[in-house]
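Subject: Handing over the structure, with notes

Dear colleague,

Here is the structure that I promised to pass on to you. Please open it beside these notes as you read.

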Amino acid sequence: MAVTGGIGPVEPGEDTYLRNVTGRAGPGGRTAPSRARHRRSVRTAGATLLLLAASGSLRADRAREPAEAPPPYPSQAVTLAYLDAAPGPGGARGGGFSFAVRLSVGSGPPVTVTRIAQPSAGLSVASSPAAPFQTKPHSDSKIIVTLRVTECDKAPRNPGFPFLDVTLRNTRAIQTHSFILGSRYARQLSQALQVACGNDSR
């Protein structure tokens, strides 16, 4: 059978149909509604990222806020000054030397004096008020300290820079601090020790 050619529009065959395109495809193959949905998704994701970044920045700012400064160490808040020799039980001839000191507490919490001592094995130490006692901040306290000779052979006859070891405690720490009381204290202590133990040289 001969096939004759024809010219004209091609008719759709049986069981074929045309798809109704509601939007024109773009260069990437997406239709206009698809691109709009994509832009909305991008905007939503961007807003979420901005909110997360702002929240993280606030948390970081709060973390960078300086913490409350701790109180000073007790040795930094306390000063001890020698005042003068003071009457004491027994006097120098009884083997004792009493003197007054002024303990001052600056800023910070109250400071407790838990112990007063000195380095010589030949001397004992007592105080009035007796340790432990507490001192308030921004206050001065007068303390009478009595050194008593227990062994002349071990007592320093001519102390150069005698000091007191004072143990201090506040809410931050407990420390033992050595306070040098100056040349007048050294001179008067030396005189008292010579009276108590005799004027013989060692």
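The notes below go through the sheets, the core, the aromatic rings and a few backbone details.

This is a predicted model, in which local features need pLDDT of at least 70 and side-chain atom pairs count only at pLDDT 80 or more, while totals for chains, interfaces and linings use all residues. Residues are numbered from 1 along each chain as its sequence is written, and side-chain values use heavy atoms, with hydrogens and water left out.

Helices (H or I, at least four residues) and strands (E, at least two) are DSSP runs numbered from the N terminus, and two strands pair if DSSP finds at least two bridges between them. In this open sheet, 4 strands follow the order 1-2-6-4 with antiparallel pairing, and its edges are strand 1 (78-85) and strand 4 (123-128), each of which pairs on one side only. From one strand to the next the twist averages 30 degrees, where axes are lines fitted to C-alpha atoms, for helices over the stretch in contact, and angles run from 0 to 180 degrees between N-to-C directions. Strand 4 and strand 6 (residues 139-149) run antiparallel and are joined by 6 bridges, and Ser124 has Arg148 in strand 6 as its bridge partner. Helix 3 (residues 183-197) packs on this sheet and touches strand 1, strand 2 (96-105), strand 4 and strand 6, its direction making about 50 degrees with that of strand 1; contact here means heavy atoms within 4.5 Å. Between strand 2 and strand 6, which also run antiparallel, there are 10 bridges, and Phe97 stands opposite Leu147 in strand 6.

The other sheet is also open, with 4 strands in the order 5-3-7-8 and antiparallel pairing. Strand 5 (133-135) and strand 8 (174-180) stand at its edges with a single partner strand each, so one side of each is left without a neighbour in the sheet. On average, and with direction ignored, neighbouring strands of this sheet are turned by 35 degrees against each other. Strand 3 and strand 7 run antiparallel with 5 bridges between them, and Ala117 stands opposite Asp165 in strand 7.

Next comes the core. A nonpolar core is a set of buried Ala, Val, Leu, Ile, Met, Phe, Trp, Tyr and Cys residues joined through side-chain atoms within 4.5 Å, and buried means under 20% relative accessible area, exposed over 50% and partly exposed in between (1.4 Å probe, protein chains only). The largest such core has 28 residues, of which Leu80, Phe99, Val101, Leu164, Val166, Leu181 and Tyr185 touch the most other members. Two or more residues each are given to this core by strand 1, strand 2, strand 3 (111-117), strand 6, strand 7 (163-169) and helix 3. Phe99 is buried at 0% relative accessibility, and, leaving aside neighbours within four places in sequence, its contacts include Tyr82, Ile143, Leu164, Leu181 and Tyr185.

Rings of Phe, Tyr and Trp (its six-membered ring) pair if their centres lie within 6.5 Å, planes under 30 degrees apart counting as stacked, over 60 as edge-to-face and the rest as tilted. By this rule there are 4 aromatic pairs. In one of them, the rings of Tyr82 and Phe99 have centres 5.6 Å apart and planes at 45 degrees, so the pair is tilted. Because Tyr82 lies in strand 1 and Phe99 in strand 2, this pair ties together parts that are 17 residues apart in sequence. Tyr82 is buried as well, with a relative accessible area of 10%, and ring pairs link Tyr82, Phe97, Phe99 and Tyr185 into a cluster.

Finally, some backbone details. Most residues other than glycine have a negative phi, and most peptide bonds are trans. The bond from Ser128 to Pro129 is cis, with omega near 5 degrees, and the bond from Ala131 to Pro132 is cis, also with omega near 5 degrees. His138, in the loop between strand 5 and strand 6, has a positive phi near 60 degrees and counts as exposed at 67% relative accessibility.

With best wishes
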